[in-house]
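Hi everyone, thanks for coming. I'd like to walk you through one chain today, from the overall fold down to a few single residues. Let me put it up on the screen.

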Amino acid sequence: VPVLIEGLKDDDKLVRDGVAVALGRIGPDAKAAVPALIEALASGSVLRQNAAEALKKIDPEAAKEAGVE
């Protein structure tokens with residue numbers, strides 16, 4: 001998970017998008033990524049959407065608090 005968290009800051013947009021999806025697939029075990037995913041909500045539309053979906057799978061309460069429905 002720590003390497004994936006770093007991947008959310010990658011220069012390549014496709015890497016960032018893929019990392020958010022991967023974190024969502026990991027689910028609650030990726031809870032350490034919640035702060036970085038919340039930061040990613042301010043990004044472009046695809047990353048924002050992937051980060052929102054990942055947040056809902058990892059920590060639904062944190063997603064709700066971040067305004068993700």
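Reading along the sequence, you get the pattern α-α-α-α-α. In total the secondary structure comes to five helices and zero strands; helices (H or I, at least four residues) and strands (E, at least two) are DSSP runs, numbered from the N terminus. The radius of gyration is 10 Å, close to the 11 Å that the globule rule gives for 69 residues, so the chain is as compact as a globular protein of that length. That radius is taken over C-alpha atoms, and the rule is 2.2 Å times the number of residues to the power 0.38.

A quick word on what we're looking at. This is a predicted model, where local features need pLDDT of at least 70 and side-chain atom pairs count only at pLDDT 80 or more, while totals for chains, interfaces and linings use all residues. Residues are numbered from 1 along each chain as its sequence is written, and side-chain values use heavy atoms, with hydrogens and water left out.

Back to the whole chain. Along its principal axes, the C-alpha trace spans about 30 × 25 × 15 Å. Of the 69 residues, 39% count as buried, meaning under 20% relative accessible area, with exposed being over 50% and partly exposed in between (1.4 Å probe, protein chains only). As for contacts, that is, heavy atoms within 4.5 Å, residues 24 or more positions apart account for 51% of those with a separation of 6 or more.

Now please look at helix α4, residues 45-58. Its 14 residues reach 20 Å from first C-alpha to last, close to the 20 Å expected at 1.5 Å a residue; the expected span is 1.5 Å times one less than the number of residues. Which residues of α4 are buried? They are L47, N50, A51, A52, A54, L55 and I58. These buried residues pack against α2 (13-26), α3 (34-40) and α5 (60-65).

Let's take two of them. A51, in helix α4, has a relative accessible area of 0%, so A51 counts as buried. Leaving out residues up to four places away in sequence, A51 touches A20, L37, A40 and L41. A51 and G67 are 16 residues apart in sequence, with 12 Å between their C-alpha atoms.

N50 also sits in α4, and N50 is buried because its relative accessible area is 18%. Beyond its neighbours within four places in sequence, N50 is in contact with D17, A20 and V21.

Over in helix α2 we find R16. What does R16 touch, not counting residues up to four places away in sequence? The partners are G7, L8, K9, D10, D11 and L47.

Finally, helix α5 and K64. Is K64 buried or exposed? At 59% relative accessibility, K64 counts as exposed. From K64 to I26 is 38 residues in sequence and 19 Å in space, C-alpha to C-alpha.

That's my tour, and I'm happy to take questions.
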